[in-house]
Amino acid sequence: MRTLTSPYSYPPIINWIKSLQEVSVAGATGAVFESREQAASLALFALAIWVAVDGYELYPISGVSGKDDIFAGAWIAIFTGFAFFCTTVFGILAVVKHSRLLVLLYLILMFIIFIFECASCITAATHRDYLVGNSNLVKKQMLKYYADDSFAGQQITATWNRVMREVGCCGADSPQDWIDYNSTFRTEFGTEYPWPQQCCKRLSNHEVADVEGCKIGLNSTLFSKGCFDHIESVFSLYTWSVSWYGFSVLMFMFWLMLLTMVYYLKI
Amino acid sequence: MLTTLLFVGALFTLTNAEFTVRVLKEEDGVVTGIFTDSLLLSLPPCSLEGQNVSLAYNDSNNKSWILEHIFIVPSCGNMTGTGREGHLVTSNIGLYKVSDLASGTNYSFQYHTDLEKSNVVTASTRSAQDYSGIDTVLPARSGSMIVITVILSVAMAFLLVALTITIVLSNDED
């Protein structure tokens with residue numbers, strides 16, 4: 001009866017399957033963990049793309065303020081997510097081949113990517129706190145740049161107009177922000193309109209429902225809640241995706257690397 | 001004699017009858033009753049329907065203004081509708097907007113009709129603050145920022161040490 005140890009030569013595929021029989025249990029376990037890491041890193045890659053695409057279109061608020069590391073962190077996470085994936089494929093190969101040099105190279109590469117991902121997580125979390133820790137920065141930016149003619153002013157004006165219209169809100173904390181403080185809007189348009197017309201409720205044909213009532217401030221004719229809650233929730237959502245999911249991937253990777261170092265010392 | 005006294009007394013009471021006026025607040029269904037250059041006053045009660053109303057107001061420097069015959073008190077039915085007549089608004093709250101006021105100034109207001117007048121209500125217009133005075137430094141070091149920085153820094157340092165020890169030990173074996 002012919003067995004796998006027969007002296008006859010076999011096709012390369014059979015020789016490869018034979019070599020797999022020599023893979024140790026530790027190596028197989030490592031390969032299983034590596035595949036989990038691959039799935040997690042691909043998910044990080046996908047989430048970071050979602051944040052970078054900015055479906056809520058609120059980037060100008062962070063861009064103009066200079067605190068845009070939530071998005072810079074997302075771009076870094078796109079790189080690190082994909083790099084993790086590729087490196088873990090390399091790691092499986094290194095473990096299967098029982099090569100000390102390849103496993104060492106894998107460890108060094110993973111450590112470098114670990115450092116990049118740490119930077120992404122920490123700066124995204126910090127800039128989120130700068131931007132939306134309280135409503136002051138968003139409010140000051142709105143008062144300074146809304147209705148301003150500069151490039152930053154046009155971006156901020158377009159962003160705020162869209163948010164006020166789509167979310168149904170006015171001002172940062174409330175419409176009173178527009179009358180508690182002076183603003184570029186007040187300087188440009190005077191005091192006839194206490195707040196922009198985007199604060200007013202509209203009919204289905206987009207005409208303002210009641211212009212005079214909106215100017216007086218009747219609650220039934222304008223949006224009386226502030227926009228900061230919506231802005232804060234969007235930036236927090238982006239930050240949890242990049243920063244905290246990245247953190248969880250890093251924690252998994254930490255243990256994986258310690259396991260790989262133990263394996264390296266044993267082969 | 002007694003009848004004359006009673007009649008004079010009644011006339012005196014009528015001419016000094018007071019109704020209430022106040023500045024509107026958020027609870028009345030407006031964003032605010034106090035702007036930087038205007039104020040929203042409530043209307044005289046609809047029991048005075050049809051009477052011509054004038055407004056007298058003065059500021060803290062005793063400079064005074066009188067707006068004669070600014071509106072006619074709407075009927076009670078009209079209060080539930082919506083109308084505009086100059087600065088008079090008859091919606092379910094009913095208000096009159098006094099404009100062209102100076103910001104940050106204290107004013108006293110009183111309505112006058114043919115026979116009655118209101119109480120004197122005092123209010124101050126808002127003064128708008130400069131937006132550059134809003135403080136935008138980092139509000140506080142939040143817990144999440146500190147936790148993520150500390151944990152990741154410690155993990156990074158630990159991995160560096162572990163990697164160094166691994167390489168040293170493997171070299172010793174060689």
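Modeller: We shall discuss the fold, the domains, the interface and some side-chain contacts.

Modeller: This is a predicted model, in which local features need pLDDT of at least 70 and side-chain atom pairs count only at pLDDT 80 or more, while totals for chains, interfaces and linings use all residues. Residues are numbered from 1 along each chain as its sequence is written, chains are lettered from A and ligands numbered from 1 in the order in which they are written, and side-chain values use heavy atoms, with hydrogens and water left out.

Colleague: How many helices and strands does the secondary structure of chain A have?

Modeller: Helices (H or I, at least four residues) and strands (E, at least two) are DSSP runs, numbered from the N terminus. Chain A has 11 helices and zero strands.

Colleague: What radius of gyration does chain A have?

Modeller: The radius is taken over C-alpha atoms, and the globule rule is 2.2 Å times the number of residues to the power 0.38. Chain A has 28 Å, whereas a compact globule of 267 residues would have a value near 18 Å. The C-alpha atoms of chain A fill a box of roughly 100 × 35 × 30 Å along the principal axes.

Colleague: Which domains are assigned in chain A?

Modeller: Domain bounds come from an automatic or database domain assignment. For chain A, this gives domain 1 (15-55 + 68-132 + 238-266) and domain 2 (136-172 + 175-224). The centres of these two domains of chain A, taken over C-alpha atoms, are 45 Å apart.

Colleague: How many residues of chain B and of chain A are in contact?

Modeller: Contact means heavy atoms within 4.5 Å. In this model, 49 residues of chain B are in contact with 54 residues of chain A. Buried area is the accessible area (1.4 Å probe) that two parts lose on being put together, summed over both. Between chain B and chain A it is about 4500 Å², and carbon and sulfur atoms give 71% of this area. Val31(B), Tyr131(B) and Leu159(B) supply 16% of the area that chain B buries against chain A, more than any other three residues.

Colleague: Which residues form the salt bridge across the interface of chain B and chain A?

Modeller: A salt bridge is a side-chain nitrogen of Lys or Arg within 4 Å of a carboxyl oxygen of Asp or Glu. The rule finds one across this interface: Arg126(B) pairs with Asp180(A), with the closest N and O atoms 2.4 Å apart. On the side of chain B that touches chain A, the largest share, 19 residues, comes from H2(B).

Colleague: Where in chain A do Arg128(A) and Glu232(A) lie?

Modeller: Their side chains meet in a salt bridge (2.9 Å, N to O). Arg128(A) is in helix H5 (residues 100-132) and Glu232(A) is in helix H11 (residues 228-266), so the pair, 104 residues apart, links distant parts of the chain.

Colleague: Which residues does Ser65(A) contact, leaving aside its neighbours within four places in sequence?

Modeller: Ser65(A), found in helix H3 (residues 59-65) of chain A, is then in contact with Leu131(A), Leu137(A) and Gln141(A).
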